[in-house]
Amino acid sequence: METEHQRPAMGGAHRFVGLAENLERYAGAPTGAEPPNVNGTNRGYGLVFFHLEELHLTTVISSGLRFQPLGAHPAQELACTVYREQAEAARHLVDLTSELLVQNRTFLVPDQIVPNEKPLLPGTEFHGVLASGHPIFPSEFTRFTDPDGVEQLQVFTLLPVTLGELNYILDHGVTALRQQWARFEVDVFDLGRPSVA
C-alpha cells in the first residue's frame, strides 16, 4: 500500500489549462523565467518571475513541481513575493525550498515551517520559511481549480521568518506570530524588516 508521501504525481497537463493566465491576473506581468536546466542538469522545475507594477512587488513562482512525484494532492507550486529590488532573494528561497521538496519527494502543508540552521539569506536573520496562503492575493491565486471547479493546484507562498520568530512559533503557534505581525504592522514583503520576536 502506498503512503501519502509515496503517491506518484498525477499526470495530465490539461488539468492546468489557464494556470499561467490565472497567476498573471494576480501576480502581475511575467518578466522572465529560469528553465529547469539552468545549472546544467534538470532540477525538475523552473522559476517564473512576475511583477505587479502598482505595488512594486515581484513574485517568483516555481513551475514544474506539480509534475513531480511529491505525493501532494492537489499538486503544489511555491511562490515568494518581495519588493522588486529583492527579487534575487525570493528566487533563492523558492529554488532552495523546491529543491528540498524534490530531493525528499515530499510536499508542504498549510502553516508548515521549513527551518534552517543557518540564515537562508546572507546578512539576515531569516532561518526559515512559513508555507502560507498569499498575504494580499485572493484565494483564487492560492487554489487553482479546473473548469468544473475541482481544485487542481495549491500555490503556497513562502513567508521568510527569523530565528526569533521560528522560536516564537514553536512556543505560541503560527496564529500568534501572525497576530504579532499585525500588531507591529510588519511588512512581510520587505526582506529588510526587523524581527518581531
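**Exercise 1: the faces of helix 4**

Helix 4 (residues 163-172) has Glu165, Leu166 and Ile169 as its buried residues. The model is a predicted one: local features need pLDDT of at least 70, side-chain atom pairs count only at pLDDT 80 or more, and totals for chains, interfaces and linings use all residues. Residues are numbered from 1 along each chain as its sequence is written, and side-chain values use heavy atoms, with hydrogens and water left out.

Task: work out where the buried residues of helix 4 fall when seen down its axis.

Solution. 
- Step 1. Helices (H or I, at least four residues) and strands (E, at least two) are DSSP runs, numbered from the N terminus.
- Step 2. Take the arc of the directions from the helix axis to the C-beta atoms. The buried residues of helix 4 fall within an arc of 105°, so they line one face.
- Step 3. Turn to the face away from the buried side, which carries the exposed residues Leu170, Asp171 and His172.
- Step 4. Find the cover, using contact as heavy atoms within 4.5 Å. Strand 5, strand 6 (126-132), strand 8 (151-162) and helix 5 are among what covers the buried residues of helix 4.
- Step 5. Step just past helix 4, where glycine 173 has a positive phi of about 100°.

**Exercise 2: aromatic pairs**

Task: how many aromatic pairs does the structure hold, and what is the geometry of the one formed by phenylalanine 16 and phenylalanine 67?

Solution. 
- Step 1. Rings of Phe, Tyr and Trp (its six-membered ring) pair if their centres lie within 6.5 Å; planes under 30 degrees apart are stacked, over 60 edge-to-face, and the rest tilted. The structure holds two such pairs.
- Step 2. Phenylalanine 16 and phenylalanine 67 are edge-to-face, at 5.6 Å centre to centre with 85° between the planes.
- Step 3. This pair links distant parts of the chain, 51 residues apart: phenylalanine 16 is in the segment before helix 1 (19-27), and phenylalanine 67 is in the loop between strand 3 (57-63) and strand 4 (75-83).
- Step 4. Phenylalanine 16 is buried at 6% relative accessibility, while phenylalanine 67 is partly exposed at 38%.
- Step 5. For phenylalanine 137 and phenylalanine 141, the ring centres are 5.0 Å apart and the planes at 70°, so this pair is edge-to-face. Both phenylalanine 137 and phenylalanine 141 are buried.
- Step 6. Arginine 66 places its charged end over the ring of phenylalanine 16, 5.2 Å from the centre (the criterion is NZ of Lys or CZ of Arg within 6 Å of the ring centre and within 35 degrees of the ring normal).

**Exercise 3: the largest nonpolar core**

Task: which residues have the most contacts inside the largest nonpolar core, and which elements give two or more residues to this core?

Solution. 
- Step 1. Join buried Ala, Val, Leu, Ile, Met, Phe, Trp, Tyr and Cys residues through side-chain atoms within 4.5 Å to get a nonpolar core.
- Step 2. The largest core has 26 residues, and Leu78, Val94 and Leu108 have the most contacts inside it.
- Step 3. Strand 2 (46-52), strand 4, helix 2, strand 6 and strand 8 each give two or more residues to this core. Helix 2 provides the largest share, five residues.
- Step 4. A second, separate core of 15 residues includes Tyr26, Leu52, Phe144 and Val155.

Technical notes: Buried means under 20% relative accessible area, exposed over 50%, partly exposed in between (1.4 Å probe, protein chains only).
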